[in-house]
2 protein chains.
Amino acid sequence: MPHGGFSGRLTSPKLGLAVDMGHPFLNHAVDGFIKIGAVSACKVAAEESFECLHRGDVSKHKVEHALKKMCKEGAYWGTIAGVYVGVEYGIDKIRGHRDWKNAMLGGAVTGALVSAVNNNQRHKVVKNAITGGAIATAAELLTNLTS
Amino acid sequence: MPHGGFSGRLTSPKLGLAVDMGHPFLNHAVDGFIKIGAVSACKVAAEESFECLHRGDVSKHKVEHALKKMCKEGAYWGTIAGVYVGVEYGIDKIRGHRDWKNAMLGGAVTGALVSAVNNNQRHKVVKNAITGGAIATAAELLTNLTS
C-alpha cells in the first residue's frame, strides 16, 4: 500500500572555516578568533532578538545597535580566544604533552595578558589570571567528562 | 668524581576520584560536581590567599571566611556542572552522537534550569539559557581546537 508522508531534515550550520597563515601557531590563534568570535556574535544576536520580541518593537536603530554590539563582542571574545589558543599551543610545545595543566596555565596567562592590556591595576591582573585559569581548567575538565 | 646535588620533582595533584552511583548518568553528574566543585574551591582559595598576602594580614576570621566561601562556591559551581554534565549525557543518548550542538543545548538547558530554580523572572531565564548555551559551545570548541 503506497502511503504519503512528510520527510524533512534540519541541517545545522557547519562550524568549519580554514585560514592558512603559514604557521600552526597563527593558524590555531586565528581559528580560535573566528570560532569564538562567531559564537559570541550569535549569542548577542540571540539576546537582542529576544529583547526585541519581548518588548515588541523592532526599529532600524535597534537593529543597528545589535549589529554593532555583535561586531564589538565578537571581536573582543574572539581576541581573548585567539590569545588563549595561541598561549596554550605554546605551552603544549614547551611541555611536550597536554592535559588540564596546559589549560590552567593558558587561562592564567591569557587572563593576566588581557587585563594587563586593558590597563587594569596589578591587583586585578592577578585576580583575572586566577579566574582565567579556573575557567579554562573547568572547561577542559567538563569537555573531557562529556566526551 | 662524585658530586652532590639536589634532585626534586614537583608532582601535581591528580584529578581522579571515582564514585560509583550505579548508573552512568549519575556517575557523570557526580563526577562533574566533584571536579568543577574542586576547581571552584581552588579558585576561591587562590583568590583569598592573594587577598591576604596583598593586604598583609591573616586572621582567624579571614581564614574562616575563606573556607566558608570555598565550600559555598564549590557547591554552587559543582551543582551547575553536575546538572550540565547530566543534561549533556541525556542529550547525547537521545541524539545518538555528540558534537558542539550537544554542548550548546546542554548549556542552554542548564542555564534555564539554574536560573528557574533561583526564582528569576522569565525574562532572565531565557537570557541565562542563551548565555549558558554560548559558554558551553565556546568551551567545547576551544577544547577541541587545542587538543
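How much area is buried between domain 1 of chain A and domain 2 of chain A? The answer is about 940 Å², and carbon and sulfur atoms give 63% of that area. This is a predicted model. Chain A and chain B also bury area against each other, about 3700 Å². The points below take the symmetry, then the chain interface, then the domains, then the salt bridges.

**How the two chains are related**

- Two copies of a chain are related by a rotation about an axis and a shift along it.
- Here, a rotation of 180° with 0.0 Å of shift along its axis places chain B on chain A, with an RMSD of 0.0 Å.
- That relation is the one a two-fold axis gives.
- B:Ala139 is the residue of chain B that comes closest to the rotation axis, with its C-alpha at 2.7 Å.
- Of the interface residues of chain B, 100% are also interface residues in chain A, so the copies meet through the same surface.

**Where chain B meets chain A**

- Chain B brings 39 residues to the contact, and chain A brings 39 residues.
- Of the area of about 3700 Å² buried between the chains, carbon and sulfur atoms give 74%.
- B:Phe50, B:Leu145 and B:Thr146 supply 17% of the area that chain B buries against chain A, more than any other three residues.
- Two salt bridges link chain B and chain A.
- In one of the salt bridges, the side chain of B:Lys127 meets that of A:Glu51, at 3.0 Å from N to O.
- Four helices of chain B each supply at least two residues of the side that touches chain A: H1 (24-55), H2 (60-95), H3 (100-117) and H4 (122-146).
- H4(B) gives the most to that side of chain B, with 16 residues.
- The residues on the side of chain B that touches chain A are 18 nonpolar, 10 polar and 11 charged.

**Two domains in chain A**

- Domain 1 of chain A covers 21-97, and domain 2 covers 99-147.
- Their contact takes 10 residues from domain 1 of chain A and 13 residues from domain 2 of chain A.
- The C-alpha centres of the two domains of chain A lie 17 Å apart.
- Which residues of domain 1 of chain A lose the most area to domain 2 of chain A? They are A:Tyr84, A:Ile91 and A:Arg95, and together they account for 46% of what that side buries.
- One salt bridge is counted between domain 1 and domain 2 of chain A.
- A:Arg95 forms a salt bridge with A:Asp99, and the closest N and O atoms are 3.0 Å apart.
- Three residue pairs are in polar contact between the two domains of chain A, both residues being at pLDDT 80 or more.
- On the side of domain 1 of chain A that touches domain 2, six residues are nonpolar, one is polar and three are charged.

**Salt bridges in the whole structure**

- Side chains of opposite charge can pair when their charged atoms come close.
- Over all chains, the structure holds 16 salt bridges.
- One of them joins A:Lys35 and A:Asp31, with the closest N and O atoms 3.9 Å apart.
- What separates A:Lys35 and A:Asp31 along helix H1 (residues 24-55) of chain A? The two are four residues apart in this helix, so about one helical turn separates them.

How values were computed
Residues are numbered from 1 along each chain as its sequence is written. Chains are lettered from A and ligands numbered from 1 in the order in which they are written. This is a predicted model: local features need pLDDT of at least 70, side-chain atom pairs count only at pLDDT 80 or more; totals for chains, interfaces and linings use all residues. Side-chain values use heavy atoms; hydrogens and water are left out. Copies are superposed by least squares on the C-alpha atoms of residues with pLDDT of at least 70 in both. Contact means heavy atoms within 4.5 Å. Domain bounds come from an automatic or database domain assignment. Buried area is the accessible area (1.4 Å probe) that two parts lose on being put together, summed over both. A salt bridge is a side-chain nitrogen of Lys or Arg within 4 Å of a carboxyl oxygen of Asp or Glu. A polar contact is a pair of N or O atoms within 3.5 Å; within protein, one must be able to donate a hydrogen and the other to accept it, and residues adjacent in sequence count only if both atoms are side-chain atoms. Ala, Val, Leu, Ile, Met, Phe, Trp, Tyr, Cys and Pro count as nonpolar, Asp, Glu, Lys and Arg as charged, and the others, Gly among them, as polar.
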